[in-house]
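Subject: A structure for you to look through

Hi there,

Here is the structure I promised to hand over. Please open it next to this email and follow along as you read.

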Amino acid sequence: MDNEVHQGTRAQGTGDGLRENGGRRQGFDTVAVHAGQEPDPTTGAVVPPIYQVSTYKQDGIGGLRGGYEYSRSANPTRTALEVCLAETEGGARGLAFASGLAAEDALLRAVCRPGDHVVIPNDAYGGTYRLFAKVAEPWGLAFDPVPLGDVAAVRAAIRPETKIVWVETPTNPLLGIADIAALAAVAHDAGALLVVDNTFASPYLQRPLELGADVVVHSTTKYIGGHSDVVGGALIASDPELGERLAFHQNAMGAVAGPFDAWLTLRGIKTLGVRMDRHCANAERIVEMLVRHPSVRGVLYPGLPDHPGHDVAAKQMRAFGGMVSFRMESEEAAVRVCERTRLFTLGESLGGVESLIEHPGRMTHASAAGSPLEVPGDLVRLSVGIEDVDDLLGDLALALD
């Protein structure tokens, strides 16, 4: 592998996410297939090797070969993934973690101190809420849940000690939309960072750093990995200095992606664009069916013209994603639908090639019960896969009848 991959803890992207090629920027799919993944110089292998190794022979005391000494600090397979993540998001530095929550924890500890404050979405992912409420708050980090679609409410919630405005867009599981550029201006006016969890959209559909965000967060378990076979997380920073601070905490805290996990995630990125096209197309067909079904009380999908965030989503996203939520007449009806599908597998997580269905109130967001982030009991969440859409429509129709 060449020197770009062998930069160890200094591995960085190009900063624009679309590499120059004879004066023309390369497209997303080209970058996803090639960034950080040059053919091996020894064998010509077109796929980066899995460097299943813990330590490295040094060229003399303090003489690191290619920047590697110990695989918690840097591993060539992880470096390849981190370069690719940085370039697909257009960032200065990408970092791969053992899980999305590990990435979030490292970010909070790198940027915040006890006594600081964070603004979070009032319908954030349940695991993110648990991290703030059960881990960060006892550590001394205050937070306030705010409807991020209301820019004035976000501005009003900011305090002198606010260090981060934390954004999910679309949100999990209510599919709310936040105006990234507007919130970046609000955060920066207050001297805070804008952090965007881009998991639901993926870098193929949305590139927050181009809209003013400072850090992008991913659970790479989801769309980036795409095959429900690996758990991981990522941070991508717009600024090299901030990237160095995050890299220090990644190494010091140690929740890094292992080489095989990094390799699986890198494999997933290669097909992200073509998978997302199918996810989105299937989701749109399913939404069309759900809005007409008499048993469905309401459909939450930013592609619908009457969705309150539709115009913002159309402005900042390539398409509207593969996640769909809908509400039934009662919690019992919602649970019954989840239990009756066959192709839609009852399970947590999302973003894999297979379709999933879940009841957020009793599953992924159970930790938010009784809090301001509690989700409605009549809510059903779908992660629409890449199967034949007519088969998915038939499965849902039978479950709803």
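In what order do the 5 strands of the open sheet with mixed pairing stand? The order is E10-E11-E14-E13-E12. Before I go on, a word on where this comes from: this is a predicted model, so local features need pLDDT of at least 70, side-chain atom pairs count only at pLDDT 80 or more, and totals for chains, interfaces and linings use all residues. Residues are numbered from 1 along each chain as its sequence is written, and side-chain values use heavy atoms, with hydrogens and water left out.

Helices (H or I, at least four residues) and strands (E, at least two) are DSSP runs, numbered from the N terminus. Two strands pair if DSSP finds at least two bridges between them.

E10 and strand E11 (residues 323–327) run antiparallel and are joined by 3 bridges. Look for glycine 298, which stands opposite arginine 327 in E11.

**The sheet of 7 strands**

Another open sheet, also with mixed pairing, has 7 strands in the order E3-E9-E8-E7-E6-E4-E5. Its edge strands are E3 and strand E5 (142–146), each pairing on one side only. On average, neighbouring strands here are turned by 20° against each other, direction ignored. (Axes are lines fitted to C-alpha atoms, for helices over the stretch in contact, and angles run from 0 to 180 degrees between N-to-C directions.)

Strand E3 (residues 93–97) runs antiparallel to E9, with 5 bridges between them; arginine 93 has alanine 237 of E9 as its bridge partner. Strand E8 (residues 215–218) is also antiparallel to E9, through 4 bridges, and valine 216 has isoleucine 236 of E9 as its bridge partner.

Is E9 mostly covered or uncovered? It is mostly covered, with 5 of its 5 residues buried (buried means under 20% relative accessible area, exposed over 50%, partly exposed in between, with a 1.4 Å probe and protein chains only). Gly233, Leu235 and Ala237 are buried on one side, and Ala234 and Ile236 on the other.

Further along, strand E4 (residues 117–121) and strand E6 (residues 162–168) pair in the parallel sense over 3 bridges, and valine 119 has valine 165 of E6 as its bridge partner. Helix H4 packs on the sheet, touching E4, E5 and E6, and its direction makes about 155° with that of E5. Helix H2 (residues 76–89) lies across E3, E8 and E9, at about 130° to E3.

**Two helices side by side**

Two packed helices are described by the angle between their axes and the distance between the axes. For helix H3 (residues 100–111) and helix H4 (residues 126–139), the axes come within 11 Å and cross at roughly 35°. The residues in contact (heavy atoms within 4.5 Å) include Leu101, Leu108 and Arg109 of H3 and Leu131, Phe132 and Trp139 of H4.

H3 is mostly covered, with 10 of its 12 residues buried; among them are Gly100, Glu104, Asp105 and Val111.

Enjoy exploring!
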